[in-house]
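Hi everyone, thanks for coming. I'll take a few minutes to walk you through a structure that may be new to you.

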Amino acid sequence: MILIHCPYCDETLPEAEFTYAGEAHVVRPDPSVSDETWRDFLYIRSNPKGPHAERWRHAHGCGRYFNAIRDTVSDRVLTTYKAGESKPVLPGDVK
Amino acid sequence: MADVTIRTLTRAARFSVRCGEADRTAAAEALGVPLIGTIGAIAVAGPRRSLCLGPDEWIVAAPLEDGPAMTAAFAASPAVGSLVEVTNRDVTFAITGPGGEELLAHGCPRDLSKLAPGRGVRTVFDGVSVVLWRFDDRFEMTVWRSYVPFVEALLSAAAREMQAA
């Protein structure tokens, strides 16, 4: 079972208390953009092999959404941070 | 064999309280019980008590007959927030005895040895969202009433298993 640190409760808790909510930092474009851009916003995700920024909700807990960076290869949650905060730079990130 | 007893508590007045940091003190005054701003913290004032569930969310429990007065006091107070009476939504089980932690481990994935007495949490019990309070001598687990037959069956089966071991 994955252990996830909730940045609101400040506790590391079992995955069973959380629900996954898709990729983080997907910005909604202005509705006047082209159909292709809108399609990309709706459906196209980065799907990386490695660290992935994603949204989680502490559904059976404080109820808050927050962001996590999870390595899609090892399934290890590298860090979590509150919703609205910018994506942290991890050691080994290519600038 | 670890000893454990499960019983259903009589109904209490229960409220779900949501309010921002600025209104917390006024809301607590109206309800007659402190609302602590740390997730997991229980506050007790006489027979009334509160538990912080989220950054702006508390559950308040009080004797059944106090309910109407608390609703009126909150309505009259300057606090901006929401008070929802959930008395009829919830059923609470009291789990006493040294086997309480082991019993709850049958459905709760949390490490309950890290939940100190005087603290509480909203967590999950075999897929059901529950509110768990820990006191010196017991756990109290509050479950939505539609899940009660399921949770009760699971708890009593687990208790029987522990007895047989």
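First, some housekeeping. This is a predicted model, so to speak of a local feature we need pLDDT of at least 70, side-chain atom pairs count only at pLDDT 80 or more, and totals for chains, interfaces and linings use all residues. Residues are numbered from 1 along each chain as its sequence is written, chains are lettered from A and ligands numbered from 1 in the order in which they are written, and side-chain values use heavy atoms, with hydrogens and water left out.

Okay, the interface. Chain B brings 15 residues to the contact and chain A brings 14 residues, where contact means heavy atoms within 4.5 Å.

What holds polar groups across from each other there? The rule finds six residue pairs in polar contact across the interface of chain B and chain A, both residues at pLDDT 80 or more. A polar contact is a pair of N or O atoms within 3.5 Å; within protein, one must be able to donate a hydrogen and the other to accept it, and residues adjacent in sequence count only if both atoms are side-chain atoms. On the chain B side, strand S4 (48–54) and strand S8 (119–125) each supply at least two residues that touch chain A, and S8(B) gives the most, with four residues. Helices (H or I, at least four residues) and strands (E, at least two) are DSSP runs, numbered from the N terminus.

Now, salt bridges: a side-chain nitrogen of Lys or Arg within 4 Å of a carboxyl oxygen of Asp or Glu. The structure holds 18 of these over all chains, and the rule finds four across the interface of chain B and chain A. One to look at is Glu11(A) with Arg110(B), where the closest N and O atoms are 3.4 Å apart. Buried means under 20% relative accessible area, exposed over 50%, and partly exposed in between, with a 1.4 Å probe and protein chains only.

Inside chain B, Arg14(B) and Asp90(B) meet in a salt bridge at 3.0 Å, N to O.

Last, a few single residues. Arg134(B) is in strand S9 (residues 128–134) of chain B and counts as buried at 15% relative accessibility. Among the residues Arg134(B) touches are Ile42(B), Glu101(B) and Phe139(B), leaving out residues up to four places away in sequence. Over in chain A, Gly22(A) lies in strand S3 (residues 19–23) and touches Glu54(A) and Arg55(A), with that sequence cut-off again. Ile44(A), in the loop between helix H1 (35–43) and strand S4 (51–57) of chain A, is partly exposed at 49%.
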